[in-house]
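Please have a look at the structure first, then follow the points below.

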Amino acid sequence: MAPIAVGDVLPDGKLAYFDEQDQLQEVSVHSLVAGKKVILFGVPGAFTPTCSLKHVPGFIEKAGELKSKGVTEILCISVNDPFVMKAWAKSYPENKHVKFLADGSATYTHALGLELDLQEKGLGTRSRRFALLVDDLKVKAANIEGGGEFTVSSADDILKDL
């Protein structure tokens, strides 16, 4: 399957997260994105060095600037279970705007065509690193990294697309 690209309609799918009352919730991607300007960014794994020290902090730090340019939601997805994503989110106490969503079985990542085979490293199927700018379900920018890279999917890169 070809990776999601500019002009594509974002596929629907189910992701999981813990709400403010610590209750596990399942949510459809379309319910979060329809009628809004949204950034959906994906990382290979929670608590991994580049994801934790660069990718996620960049979106947390730039959230105000992104919101000032009309972005209503900043969504982080990873092929991890919702318990891991909850713990990872709590490691960023300064975060007010990035929502951490779990794609535990990589089903949604497959729908995007952005799976990354890391079985040789003992990590199974993960997500490629990416950042999508989506406006009312339509992909306006698709910044997709090659394996192990972090050169085009940062918050600063997405700001250039706004």
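Lys86 counts as partly exposed, because its relative accessibility is 23% (buried means under 20% relative accessible area, exposed over 50%, partly exposed in between, with a 1.4 Å probe and protein chains only). Lys86 forms a salt bridge with Asp22, their closest N and O atoms being 2.9 Å apart (a salt bridge is a side-chain nitrogen of Lys or Arg within 4 Å of a carboxyl oxygen of Asp or Glu). This is a predicted model, in which local features need pLDDT of at least 70 and side-chain atom pairs count only at pLDDT 80 or more, while totals for chains, interfaces and linings use all residues. Residues are numbered from 1 along each chain as its sequence is written, and side-chain values use heavy atoms, with hydrogens and water left out.

**Salt bridges**
- The structure holds four salt bridges.
- Asp22 has 40% relative accessibility and so counts as partly exposed.
- Lys36 and Glu73 form a salt bridge through their side chains, at 3.7 Å from N to O.
- Because Lys36 lies in the loop between α1 (29–33) and β3 (37–43) and Glu73 in strand β4 (residues 73–78), this pair ties together parts 37 residues apart in sequence.
- Lys36, at 26% relative accessibility, counts as partly exposed, whereas Glu73, at 18%, counts as buried.

**The annotated cysteine**
- The UniProt annotation "active site", from an unreviewed entry, covers Cys51; such annotations may be inferred rather than shown by experiment.
- Cys51 is placed in helix α2 (residues 49–61) and counts as buried, at 1% relative accessibility.
- Not counting residues up to four places away in sequence, Cys51 touches several residues, among them Val43, Pro44, Trp88, Tyr92 and Arg129 (contact means heavy atoms within 4.5 Å).

- Lys62 forms a salt bridge with Asp156, the closest N and O atoms being 3.3 Å apart.
- Lys62 lies in the loop between α2 and α3 (63–68) and Asp156 in helix α6 (residues 155–161), so the pair ties together parts 94 residues apart in sequence.

Key:
Helix = DSSP H or I, 4+ residues; strand = E, 2+ residues; numbered from the N terminus.
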